[in-house]
Structures are given as C-alpha cells and as structure tokens.
Amino acid sequence: MRPQLGIFALIAFLATISAPLNFSSSFSTTQVLAQTSASALREAERLLEQGIQQIDNRQFDKAFQSLQQALTSYRELKDRQGEGTALANLANVYYSLQAYAKSIELHQQSLAIAREIADRTLEAKNLRHLGSAYSALGQHPQAIEYLQQSLAVAREIKNTKSEAAALGMLALAHQRVGDYQKAIDSWQQALPIFQQLKERRAEGAALTSIGSYYQLLENYPEARKFFQQGLVVAQELKDRSSQQIILALLGHVHESLAEYSQSIDKYQQSLVMAREMGESAIEVEILNNLAGIYANLSRYQEAIEYYQQSLTIAKKINARQSEAGILSNLGTVYKNLNDSPQAIRYYQQSLAITDEPNNQQSALEVREKRKLYAQTILNLGNIYQEMGTTEKAKEFYQESLKIAQEINDRDLQADILNFWGILSYQNLGDYRQASEYYQQSLALAKQNNNKRGEAKAIGNLGLVYDSMGDYNKAINYFQQDLALSRELKNKRGEAIALNNLGLTFMHSGKLTEAETYLKNGIEVLESVRAGLGRNDASKVSLFEDQANTYRNLQQVLIAQNKIEAALEISERGRARAFVELLASRLSESSVQPTLTSPNINKIKEIAKLQNSTLVEYSIVYEDQNAEGKKTQSQTSEIYIWVVKPTGEIAFRKVNLKALRQQKKSSLEELVVSSRESIGVRGRGLAVEAKVSGSQEKQGFKELHELLIKPISDLLPKDLNARIIFIPQSELFLVPFPALQDASGKYLIEQHTILTAPSIQVLDLTSQQQQLVGTRSSTSVQNQDVLIVGNPTMPSVPAKIGDPPTQLSSLPGAEREALAIAPLFKTKAFTGSQATKAAILQQIPTARIIHLATHGLLDDIRGLGSAIALAPSGNDNGLLTAEEILDLRFNAELVVLSACDTGRGRITGDGVIGLSRSLMSAGVPSVIVSLWQVPDAPTASLMTEFYQNLQKTPDKAAALRSAMLSTMKQHPDPKDWGAFTLIGEAE
C-alpha cells in the first residue's frame with residue numbers, strides 16, 4: 001500500500017521535536033520540606049521520575065503502578081503541584097494505551113490544578129496533550145481549540161520550546177482536517193524557532209513536513225524545494241534514515257510532476273539505503289511506490305513485477321497489513337487493464353487478510369486495517385458500478401460505509417457517499433437520491449473542515465440540479481465550487497467549475513454568459529499548461545481531462561453562428577501538447593516556430609501553403625461536464641469545417657440522433673464494428689472474418705454517409721487535388737480511403753488523401769520538411785535509405801502478466817524488403833542483421849526508412865507501442881514510441897509496414913503512439929497502418945508505392961496510385977486500406 005503523502009515527514013517530526021509524552025516535575029521542594037517529612041517527598045519524587053522513565057521505556061503497566069503510588073503520596077502530602085504532574089503523566093500512560101477518554105479526563109484534572117496554582121508551563125503542556133488526545137479520537141475541531149490555547153500560553157510565558165511543540169501539533173491537527181495551508185503556516189512559524197535554538201534535526205523535520213503539505217496541496221515545485229532543503233540538513237547530520245525518507249518523498253514529487261526518470265532515480269536511491277540499513281518494511285513501501293509509478297505510466301507489466309517483489313518481502317517479514325495493501329493495488333492494476341475477474345480476485349485476497357483477527361495490534365493499527373478493508377470494498381463496488389451491476393455495487397458501498405462509520409472516518413464516508421451518488425446519478429438516473437447522498441457527503445466534509453471534499457460534493461450537486469433542469473440551483477452550487485477551488489488554489493477544480501458553469505448557462509439558453517465562463521475556463525487550463533514547461537506527458541494528461549471545455553465552447557459559438565471562431569477553438573483544443581513538443585524540437589534546430597494557436601487568417605494561409613483542402617472534424621457530446629466523463633450514447637453531433645486552398649471556409653453539422661435511436665448504435669460503435677467486420681489477417685496471424693462482405697461494405701457506407709456525404713459538394717473534383725482529413729477521438733481509427741459512397745466507389749478512387757492531428761501540426765511539419773531539405777541533398781542515394789524486413793523476432797508476453805513468447809516470423813515482410821531495396825540500390829537488413837542496435841546506428845543519416853516487421857500496439861499508454869527488431873546484447877529488440885521520442889531523425893519519410901502502427905492511446909491531444917513520436921523526432925511524413933496488415937498484398941502495395949515515388953515527389957499521390965493498383969488484384973479493403981500518410985505530401 002503506497003504510504004499517505006507526508007506520513008514519513010510527520011513521523012520524523014514526532015521523533016525529533018515533539019515534546020516528550022511525560023511531564024517532568026519542575027517545582028521547588030523547599031516550601032514542602034517545611035511542612036512534611038523530606039523522606040516522604042523524596043519517595044514521591046522517586047516514584048514520579050521512575051514512572052516517567054518507564055513511560056520512555058514503554059513499560060506502561062509498571063509506569064501506571066509507579067505513577068499511581070506517586071499520585072497517592074502527593075495527595076496525602078497535599079502537594080497540588082506534584083499531584084498535577086503525576087496526573088498528567090498518568091494521562092499519558094492512558095494515551096499510549098489508546099484509552100483516550102480516560103487520558104482526557106486526567107489531563108482535565110491536571111489542567112484544573114495547573115490553573116489553580118498558576119503553573120503556566122504545566123497548563124501549556126496539558127492543553128497541548130488534550131489537543132493530541134482529541135485529535136486521536138478524530139475530534140479535530142476540539143483538538144485545534146486546545147492546541148491554540150496551548151500556543152497562546154506558551155507565547156505569554158515566552159517558552160519557545162513549548163511554543164514550537166504546540167505549533168507542530170497544530171500542523172498535525174490541521175493536516176488531519178485537510179487544511180494543509182494552515183498546517184504549512186504553523187510549521188513556518190515554528191521553523192525560525194528551531195533555527196534560533198540551533199535545533200537542526202527539528203529544522204530538517206519541519207522543512208520536510210512543509211514539503212509534505214505542499215505535496216498534499218499538489219504544489220509540487222514548492223514541495224520539491226522544501227524536500228531538497230530538508231535533504232541538505234539530513235546530509236549534514238549524516239542522518240541516513242531521514243535521507244532515505246526524503247528521497248522517497250522526492251521520488252513521489254517527481255512522479256507527480258511527470259518527471260519519471262528523476263522519480264525512479266530518487267526511489268532507487270532510497271531503496272538502496274533501505275536495503276543497506278536492513279529496513280525491510282520501508283523496502284516494501286518503496287517497491288510499492290516504484291510499482292505505483294509504472295502503474296501511473298500505464299506500464300503495467302513493470303508495475304506488476306514491482307508489486308510482486310514488494311509482496312514477496314511483505315510475506316517474508318509477515319507484514320500482513322502491507323501485504324493486503326499490495327494485493328489491493330494489484331487489483332487496481334488489473335481493473336485499469338479492464339480485467340475485472342482478476343481485479344476482483346486480488347481485491348478478495350486483500351479482504352481475506354484484512355479480515356483476519358489479530359489481538360496483538362494496537363487500536364490505531366486495527367483502525368488502519370479496517371480503513372483498508374473499507375477502501376477495498378469501495379473499489380469492488382466501483383468495479384461493479386462500471387460493469388452496470390448496480391445492486392452488487394450498492395451492497396459493497398453499503399458495507400464500506402458501515403465500516404467507515406464504525407471507525408469514525410468522516411473523509412472516507414464522504415468519498416463513499418460521493419461514489420454512491422454517482423451510481424444513483426449515472427447508472428440509475430435517480431437524481432433525488434443522488435442529491436441526498438451528495439448532501440450527506442457535503443455535511444461530513446464540512447464537519448471535518450475538508451474543503452476539497454466540500455468542493456467535490458458541491459460540484460456533484462451542481463451536476464444533479466443541472467440534469468434536473470434547475471439551472472439556478474446548479475449555478476449557485478457551481479459558483480460555490482468555483483470559490484472553494486480558488487481558495488484552495490486548485491486550478492484543475494477551478495477549470496472544471498468554470499466549464500460546468502458555462503455548460504449550465506448554455507443549457508439555460510444564456511449563450512453570452514456561457515461563452516464567458518467557458519473562455520475563462522480555457523484561460524485557466526492554458527495557464528496551467530504554460531506552467532508545465534516542456535513536460536509533454538502532463539500536458540497530454542491535462543487535455544485528456546479537459547478537452548470537453550473546448551468542445552463545449554464550440555457548441556456555444558456554433559449556436560451563435562460564429563463559425564470561424566468555433567474553428568479557432570477547435571484548433572486551440574486539439575494536439576496542443578503535440579504542437580508544443582514539435583515546436584520545441586524545431587527550436588533546437590534554430591527554427592523559431594509560433595506557439596500560439598492559429599487564428600482564422602493563419603488557418604487559411606496553411607491551407608494555401610499546403611495546396612490542399614482541409615477537413616476538420618469535431619465530435620460533440622450531449623453532456624461534457626464534470627471531468628469530461630462521457631458514455632457512448634452521449635455522442636450527439638459531428639461538426640465539419642472545410643477549408644479550401646482559396647481561403648473559403650464552409651461548415652456542416654451532422655446529427656447523430658438517428659444513429660442512436662434507429663440503429664441503437666453510437667459513432668464509436670460504428671467505427672469499431674466497421675473495422676471488426678474486415679476480418680483481417682495479421683502478419684503471422686490468422687483472423688477469421690466476423691461478418692459477410694456485404695455487411696463489411698455497409699459499415700463503410702454508413703461512415704461515408706456521416707463523414708463525407710455532407711461535405712461532398714465542397715470537396716475538389718480533381719482526382720489529384722489533395723484532401724487532408726483532421727480527425728478527432730474515434731475518427732482517428734477510420735480508414736478514410738476505404739469509405740464507400742452509395743454507388744460502391746471507394747473514397748481513394750475519387751480523391752488523394754492524407755491525415756493530420758491538427759491544422760497547426762501541418763504548419764510545423766512543413767517547417768520540418770524544409771529543415772530536412774536543407775540538411776540533405778536533393779536526390780536520395782543508396783546510403784540514405786534504410787530498409788528492414790523480417791528481423792529475427794524478439795519475445796514478448798501475449799498479455800500483461802504472461803511469460804514472453806517469440807513473435808512469429810514474417811517471410812512476406814522479408815520478400816517485401818528484398819524487393820524494395822534494389823529500387824534504391826541498397827541492401828535490406830533482415831534476420832539476425834536487423835538488430836535494434838544496428839538500426840539505431842543507421843537512423844540518424846537515413847532520409848527514407850522502411851520497417852517491415854511486427855508492430856506492437858499499446859492502446860493503454862501509447863508510448864509502449866513498438867516496432868519489433870532483432871534483440872542483441874542487453875536490449876529486448878523492441879523500439880518503442882517512448883524511445884523514439886528521445887531520438888533525432890533526419891528522414892523525410894518513415895514507412896512502418898507493420899500492424900497497427902497508426903494506432904495507440906487516443907487522447908484529447910490525439911493519438912499517442914509511434915506516428916506522434918516519429919513526427920516529434922523530426923520526421924515530416926509518416927506512413928502507418930490502422931490494423932493488422934496482410935502479408936502478400938502489403939508487399940505488393942509497398943513495392944508499387946516506392947516505384948511511384950521515384951516518378952513523383954508527391955507521397956500522397958504515390959500512395960493513392962499504389963492502393964488503386966493493389967485494389968485490382970486484391971479488391972477487399974482489408975488488403976489495401978489500412979495505410980495512411982500523416983503529415984507532408986511533398
């Protein structure tokens with residue numbers, strides 16, 4: 001189980017600067033000696049000091065006896081100060097035994113005595129420990145009240161150590177209610193005291209704690225700054241334990257900033273230290289965190305391997321709680337892999353452990369175990385909610401809520417009620433019930449002063465009232481959500497609230513207000529993106545969450561007939577991270593591209609320079625609120641802009657209601673079913689056709705009806721005039737050349753076709769093409785061409801968690817490479833010669849690269865998509881999209897003659913996969929496939945393509961001609977329709 005952020009730092013704080021749990025006797029004995037026997041007093045003092053020492057040694061039974069005797073003696077002596085001190089220490093014994101109510105009772109008695117005798121030091125200590133006890137009971141408002149009183153007393157008597165201790169405990173109390181900013185403020189006040197007292201260990205713990213709270217506030221740059229300062233202190237003190245802890249925390253910060261290599265490096269350093277110190281329990285946690293990084297990266301194979309390592313050690317040291325947490329995390333990995341049966345099995349194994357009785361555990365450990373049990377039950381409920389098994393989901397939510405109530409975890413209760421509300425809202429359409437759950441969640445969040453929980457519940461209430469058509473209430477809730485998000489400096493939450501306000505104003509017909517809020521939301525999103533620097537992964541994630549805001553604004557603008565403004569927003573909301581990545585790579589070559597999204601004049605200029613008709617699609621959903629969640633049934637319209645080379649812009653709108661209502665289908669389902677109907681045979685794979693040829697053609701005809709027919713009158717009549725399609729979402733999977741009109745003609749027979757992720761990407765690929773031209777000669781020489789066919793295949797697992805098996809040989813791909821190589825008077829790399837190491841050496845100088853081999857699709861993460869090459873040395877033979885991103889190509893064209901090389905993870909920023917990585921690495925033109933391509937027709941098509949390319953510099957025309965030629969011998973579109981040219985035609 002990954003540790004809660006900041007826990008290590010708080011442990012460091014408690015170990016270094018927290019006031020001891022005992023109370024030393026600080027009174028003078030002179031007056032007492034005049035009234036009673038010195039021996040009786042000495043015995044009382046001896047028993048008190050003995051009890052304090054026994055507390056320090058955790059001998060609580062003995063401490064109780066010693067202190068009880070001391071208390072009796074002090075009372076007999078009528079020594080109120082001694083009595084108060086003994087009571088306070090007895091209270092601490094009860095605190096250590098988790099008997100918090102009894103501890104509070106005794107501290108109150110001691111406090112009354114301290115005030116009676118005006119012992120301000122004892123008063124401050126009692127107040128502070130009362131705060132600790134109430135905090136342990138989960139009664140945080142009372143805890144904060146007592147700690148503030150303790151702080152006030154400490155400041156009055158100018159006791160800086162007591163002041164620092166109270167501030168530290170206040171920080172903990174504020175953290176427990178989720179008020180991290182106040183926790184930071186408390187530590188910031190304590191920090192100069194530690195520096196003044198030259199308490200370096202305390203200073204280091206304070207710095208680390210501040211970093212932890214910034215981490216919880218998701219202010220990762222600030223968190224990193226304070227962790228680094230804390231690490232310097234730990235290094236000066238040669239405190240290996242603290243260094244190891246801070247390195248682990250830095251690992252998490254780097255992970256959160258998507259600085260994955262730095263994150264892994266910090267975790268690995270922490271892991272080495274933990275192993276050196278024999279800290280097996282910490283080793284378990286760090287391995288767990290490393291697994292968490294790979295899970296967040298969707299590199300699930302590595303995640304599973306690290307979780308399994310962590311699990312092995314946890315079993316070895318009998319760390320049953322950690323074991324249960326790891327099993328729960330493994331369940332979540334398989335949930336993310338959509339392997340619900342395996343996820344459920346792991347969750348159930350976790351539950352079996354957390355349900356085991358253990359009389360040796362402390363009350364706090366039991367509580368944490370029950371909390372993990374409740375969270376795992378909640379995860380199971382969420383699986384069944386996503387599967388649509390609502391009754392089963394409700395059972396799990398009910399059980400999880402019952403446990404959360406038993407352990408008095410209000411934050412967990414609030415989370416469960418939120419999920420229960422989502423079940424009622426999304427699965428059952430029961431808005432009233434959903435509203436009740438959200439109101440309960442809100443009340444709990446307010447009780448715990450959990451501002452983030454409040455914002456979540458308030459936002460969900462707004463969604464419910466918006467769906468019910470009560471727009472005034474919805475707006476009121478969204479305004480509250482917006483205010484809270486701004487108070488918390490939560491930019492993501494602020495953007496969501498602005499989006500939802502815009503959507504509600506749109507629903508209520510107030511388009512001007514809707515436009516204003518949505519534009520404000522976009523400004524927030526883009527300010528966040530600007531702060532990410534060159535962090536591509538985080539930018540993609542941002543667009544994944546928030547692409548809906550751009551789409552909603554398009555709807556509002558179209559409703560106001562602002563056609564050109566809507567196109568600008570369409571461009572502004574697609575492939576932005578890709579555009580910035582391309583631009584940054586170009587800038588490294590002394591080209592200074594424009595980063596701002598194009599206005600309408602720039603769009604017209606690009607169409608003219610490309611000498612092509614641009615067709616941009618935008619998919620509209622019925623409800624794009626909250627965090628962009630949608631269902632297949634929500635696709636409602638397609639917006640289509642056609643930009644001619646002359647600068648003329650036309651707009652068409654396609655309603656999808658008939659598709660949903662009459663054919664009980666969605667656009668996404670139609671795209672998938674039309675592809676599945678092809679029944680393609682992959683290289684080395686045999687796949688049976690799933691439907692008849694007539695059904696296959698029907699799917700492509702329906703897509704033509706939706707995507708092409710509405711704009712057919714706007715498309716060029718000249719067969720050689722180029723059309724560049726700019727898809728979105730599921731439309732990236734559409735084989736545009738294979739779409740058929742009513743007469744049965746394929747689109748490739750009527751037009752020359754390319755695709756691109758966005759209009760602005762075309763501007764940048766054009767600059768890349770010019771750059772390639774300046775670095776290379778005008779003619780392609782044999783040394784400029786790299787041809788690869790049928791390498792000795794690497795071994796890969798069939799699916800995550802399986803053992804690796806060798807990929808099948810591709811003799812057709814080898815024949816293809818051997819046929820193409822003579823056209824360029826060069827030699828193909830085949831078999832054992834086509835190693836990954838050898839190909840990487842050739843890439844920097846090649847102007848044309850042709851790779852005929854297996855392509856491996858990663859549609860979960862995208863960057864795991866790979867080209868199979870021969871393994872050698874320590875490499876596995878797979879050239880991944882992630883590795884390609886770090887390469888530099890000088891090629892003007894790369895052809896991936898392999899399966900599924902045009903696919904990947906479809907995001908709000910486009911397709912994350914091989915084509916994106918190649919273009920980012922400097923390739924202006926890429927040819928990729930949209931499915932598992934068949935061997936013989938592909939070899940024929942590719943040979944024809946290169947023969948055509950030697951006659952014309954127009955790659956799009958060469959590919960079209962090759963498709964038409966292949967079509968004559970292989971009329972089935974599965975044999976020729978998979979390939980698409982992305983980027984530059986010439």
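Helices (H or I, at least four residues) and strands (E, at least two) are taken here as DSSP runs, counted from the N terminus. The model is a predicted one, so local features need pLDDT of at least 70 and side-chain atom pairs count only at pLDDT 80 or more, while totals for chains, interfaces and linings use all residues. Residues are numbered from 1 along each chain as its sequence is written, and side-chain values use heavy atoms, with hydrogens and water left out.

Strand 5 (residues 752–755) is a handy place to start, and Thr755 belongs to it. With a relative accessibility of 10%, Thr755 counts as buried (under 20% relative accessible area; exposed is over 50% and partly exposed lies in between, using a 1.4 Å probe and protein chains only). Ile724 sits 31 residues away from Thr755 along the chain, yet their C-alpha atoms are separated by 5.0 Å. Setting aside neighbours within four places in sequence, the contacts of Thr755 (heavy atoms within 4.5 Å) are Ile724, Phe725, Phe736, Thr980, Leu981, Ile982 and Gly983. With Thr980 there is also a side-chain to side-chain polar contact, at 3.3 Å. A polar contact here is a pair of N or O atoms within 3.5 Å; within protein, one must be able to donate a hydrogen and the other to accept it, and residues adjacent in sequence count only if both atoms are side-chain atoms.

Ser897 is another strand residue, this one in strand 14 (residues 893–897). Ser897 counts as buried because its relative accessibility is 0%. Its side chain makes a polar contact of 2.7 Å with the side chain of Glu816.

Turning to the helices, the axes of helix 17 (residues 320–336) and helix 18 (residues 340–354) come within 7 Å and cross at roughly 165°. Axes are lines fitted to C-alpha atoms, for helices over the stretch in contact, and angles run from 0 to 180 degrees between N-to-C directions. Helix 17 and helix 18 are therefore roughly antiparallel (over 145 degrees; under 35 is roughly parallel, 65 to 115 roughly perpendicular and the rest oblique). The contact of helix 17 with helix 18 involves 8 nonpolar, 7 polar and 3 charged residues. In this sorting, Ala, Val, Leu, Ile, Met, Phe, Trp, Tyr, Cys and Pro are nonpolar, Asp, Glu, Lys and Arg are charged, and the others, Gly among them, are polar.

For helix 5 (residues 80–96) and helix 7 (residues 120–136), the axes come within 11 Å and cross at roughly 20°. That angle makes helix 5 roughly parallel to helix 7. On the helix 5 side, Gly84, Thr85, Ala88, Asn92 and Tyr95 take part, meeting Leu122, Asn126, His129, Ser132, Ala133 and Ala136 of helix 7. These residues divide into 5 nonpolar, 6 polar and no charged.

Most residues other than glycine have a negative phi. Lys158, though not a glycine, has a positive phi of about 55°. Lys158 is placed in the loop between helix 8 (140–156) and helix 9 (160–176), and is exposed with a relative accessible area of 70%. Lys238, also not a glycine, has a positive phi of about 55°. The loop that holds Lys238 runs between helix 12 (220–236) and helix 13 (240–256), and Lys238 is exposed at a relative accessible area of 69%.
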